[in-house]
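Please work through the following exercises on the structure shown below. Each task sentence is followed by a solution in steps.

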Amino acid sequence: MLAGVFLGLISAAPALAAPDGTLSISVSTGTPAMGDPVVVEVAANGAVDNLVLRWKGAAWPMREAAPGRYGGLIGVDLDDPEGPAVVAAEGFLDGARVRAEVEVTISPRKFAVQELTLPKGMAEFDNATLVRIGAEAAELSRRFSRATPPRWRIPFLPPVEEYRPTNFGARRVINGHPRMPHSAVDINLPAGTPVRTIADGRVAFAGEQFFGGRSVVIDHGGGVFSVYYHLKEFSVAEGQEISRGDHIGSVGATGRATGPHLHFGVRVPGGRVDPTRLFALPDR
Ligand SMILES: [Zn+2]
C-alpha cells in the first residue's frame, strides 16, 4: 500500500537543472497529506552561500548532496489545516540574492478516533504533576527548535527489527474528554527488545519524563529529530554522537504506559510526521 503512495516519487523527474544565476526547487509531492514528510531538492549552477529552506515561518539549513545540489526534509504536521502553502529556498549566488519557491496543497487525512477509559489516577493529575508536565514539554520544544547541520540520510532505518506501527494520529477521547492527537506510532513488543537509532545524529535528550518514562531524543540535524519513549533502560547520554543502527536502549513500560511498547515519533521542520511514511521515502 505504501509503495503505491510513493510511486510518484520513484518516477520523479530527472535531476533538477537551473539556468545560470538562478535557483530551482522541487518537492517529492505537491499534495502532501497531514503527517507526510516532504523531500525538497534545490539546484544551482554553482555553490549557494547561506542557503536556507523556508517553511511555515522558519528557516532551516539544507544538506549539500553534491556541488550546487542540496537536500532538505520538511513535513506537514498531523494537526495542520488543509490548503495551499509555499516552500521556498533562499541564498546568495555569485554575490546576488536568489530565491525559488513552489506551492503545495496540503490534503486531508482521516485518523482513527479512540475512546479510552482509564483509571482516574492515569487521566487526572494534581497541580504539581501538571507543572512538571508543562516544564518537560517546554524543555523538549526548546531542544526541537535548535537547527544543527543536517546529518540524516534516506533511507532511514526502522527503530526495531519488527516494525509494526499502530495509532499514528489517533484522536483520543479519554474518559469522555478529547485529548491531543497521538503524534507518534506505538509498536507492541516484549520488554527488553533492542531499540536502535534511525539515522546518524547526536543525543539531544536522555532522561526520565512523566509521560514518556525513560526517554531518548536524537537530533539528526536540519530540524529532524526522532523520539523513543517508555524505554526499560537507555544506554546513551546527552551530547553523545551516534550512528544509524546504534543500540540506544530497549522496549519497556516506564512512564504512562499500560504495557510494554515503543512509542516512536519523528519531528521534522513543520511538525510531527508519520514515521511509516518516512521509512517509505525512496533513495534519491
Ligand atoms: Zn504512544
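**Exercise 1.** State which elements each supply at least two residues of the lining of the largest pocket, and which gives the most.

*Solution.* Step 1: β9 (113-116), α4, β11 (171-174), β17 (225-234) and β20 (262-268) each supply at least two lining residues; helices (H or I, at least four residues) and strands (E, at least two) are DSSP runs, numbered from the N terminus. Step 2: α4 gives the most, with seven residues. The model is predicted: local features need pLDDT of at least 70 and side-chain atom pairs pLDDT 80 or more, whereas totals for chains, interfaces and linings use all residues. Residues are numbered from 1 along each chain as its sequence is written, and side-chain values use heavy atoms, without hydrogens and water.

**Exercise 2.** Identify the donors of the zinc ion and state whether His182 and His263 are buried or exposed.

*Solution.* Step 1: His182 (NE2), Asp186 (OD) and His263 (ND1) coordinate the zinc ion at 2.1 to 2.2 Å; donors are N, O and S atoms within 2.8 Å of the metal (3.2 Å for Na, K and Ca), and sites may look incomplete because water is not among the atoms. Step 2: Along the chain, these donors follow the spacing H-x3-D-x76-H. His182 lies in the loop between β12 (177-178) and β13 (185-187) and His263 in strand β20, so the pair ties together parts 81 residues apart in sequence. Step 3: His182 is buried, at 8% relative accessible area, and His263 is buried at 12%; buried means under 20%, exposed over 50%, partly exposed in between (1.4 Å probe, protein chains only).
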